[in-house]
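Please look over this note with the model open beside you.

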Amino acid sequence: MRVLGIETSCDETGIAVYDTDHGLLAHALHTQAALHQDYGGVVPELASRDHILRLLPLIDQVLAEAKLTRRDLDGVAYTEGPGLIGALLTGATLAKTLAWTLDIPALGVHHLEGHLLAPLLEEPAPAFPFVALIVSGGHSLLMDVAGVGQYRQLGDTLDDAAGEAFDKTAKLLGLGYPGGPALARLAEDGDPKAFRFARPLTDRPTLDFSFSGLKTQVMLAAKRSDPAQYADIARGFEEAVVDTLIWKCLRALDETGRDRLVVAGGVGANRRLRQRLQAELGERAASVHFPRPLFCTDNGAMIALAGALRLVAGEREDACIRATPRRDLSTLSPPAGSP
Ligand code: KG4
Ligand code: ZN
């Protein structure tokens, strides 16, 4: 089954075609970073308008790359939520319209399920069950994953998400928007021993996260420091976040007895997190699976994949156009139609 994936939850237009027999056939991404840069964050209305401009040309580009026409598609998957309501509606409306005109099914995908399943785009794909760490701009979640749609939440963020902490800290250090990758780049030149920040909630058994206090510590350190020390501060911050995430992941593996960890979402692109987790899990004879960095951040491939796994199992929805800006991941069920 060949499924077109459409991601428009925030500031990235992502398109892909996933084939349940042959894997990912083509993908393309348009990032709106330059559009929102001057405002220091995403302007929802500008995001929606830009998605409208980009969607059809990107779909044509991806189909051409895959040497397919619209008639070769068997289904359309789109991000139903969570996300910005206007941005979601652009993708949902187009997906439903395309599906209607082609007489094929369209299916709304939970954005975080897309992130969570993205490591399955890579070889070797992790087998179920596994523990998943989802660290994006809006979420820091630890989930126990038994199969598609079988998710048990182990931990959540009490305040800022990991990506949000990266972005806010980057802003404090004058790195602009989007800040996470810029902060990680600055940290490369920093001394890991110059600043030691707290590892929040690692002194308790909880698997929840809290990063807002860390951001305040960085703010106070920056106020007392010279800009020449900002690389050291960035490095100290990154070390604290990475240590905290690793500590929670190891604890989640211990608690669940799983030996596979999947890491997804934008912060999963962080080089130090990837290196450190590889080393830590190698020592424990456990495996860690990441999507390639491009598929850690928002993309169409993960939506095409997640939608395809549900569509191929027989899941269908009515012709209503749906977008759900807030949606709890633990409310999902296995694909309707599967045994
Ligand atoms: O998953 P994503 O693309 O969007 C959401 O669904 O939120 O995640 C974006 C987040 C941003 O907060 C961004 O700063 C962060 O991921 N991010 C990074 C890196 N690349 C993206 N954080 C740390 N290091 C990176 N290399
Ligand atoms: Zn995302």
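Is D103 exposed or buried? D103 counts as exposed, at 72% relative accessibility. Here exposed means over 50% relative accessible area, buried under 20%, and partly exposed in between, with a 1.4 Å probe and protein chains only.

1. **Ground rules.** This is a predicted model, in which local features need pLDDT of at least 70, side-chain atom pairs count only at pLDDT 80 or more, and totals for chains, interfaces and linings use all residues. Residues are numbered from 1 along each chain as its sequence is written, chains are lettered from A and ligands numbered from 1 in the order in which they are written, and side-chain values use heavy atoms, with hydrogens and water left out.

2. **Two domains.** The domain assignment gives domain 1 (2-116 + 296-331) and domain 2 (128-290). Such bounds come from an automatic or database assignment. The C-alpha centres of the two domains lie 27 Å apart.

3. **Where the domains meet.** In domain 1, 19 residues are in contact (heavy atoms within 4.5 Å) with 22 residues of domain 2. Together the domains bury about 1600 Å², and 71% of that is on carbon and sulfur atoms. Buried area is the accessible area (1.4 Å probe) that two parts lose on being put together, summed over both. L112, L116 and C296 supply 38% of the area that domain 1 buries against domain 2, more than any other three residues.

4. **Polar links between domains.** The count of salt bridges between the domains is 0. A salt bridge needs a side-chain nitrogen of Lys or Arg within 4 Å of a carboxyl oxygen of Asp or Glu. There are 5 residue pairs in polar contact, both residues at pLDDT 80 or more. A polar contact is a pair of N or O atoms within 3.5 Å; within protein, one must be able to donate a hydrogen and the other to accept it, and residues adjacent in sequence count only if both atoms are side-chain atoms. On the side of domain 1 that touches domain 2, α1 (33-36), α4 (111-117) and α11 (300-312) each supply at least two residues. The largest share, 4 residues, comes from α4.

5. **Helix α3.** Helices (H or I, at least four residues) and strands (E, at least two) are DSSP runs, numbered from the N terminus. Helix α3 covers residues 85-102, 18 residues in total. From first C-alpha to last, α3 reaches 26 Å, close to the 26 Å expected; that expected span is 1.5 Å times one less than the number of residues. Its buried residues include A87, L88, G91 and L94. The buried residues of α3 pack against β1 (2-7), α2 (44-65), β4 (75-81) and β5 (106-110).

6. **A buried threonine.** T244 lies in helix α8 (residues 230-256). T244 is buried, with a relative accessible area of 1%. A polar atom of the T244 side chain lies 2.6 Å from the backbone oxygen of A240. Leaving aside neighbours within four places in sequence, T244 is in contact with R199, P200, T202 and F211.

7. Most residues other than glycine have a negative phi, and most peptide bonds are trans. D103, in the loop between α3 and β5, has a positive phi near 60°. A285 also has a positive phi, of about 60°. A285 lies in the loop between α9 (271-283) and β10 (287-289) and is exposed at 68%. The peptide bond from E123 to P124 is cis, with omega near -5°. Another cis bond joins F128 and P129, with omega about -5°.
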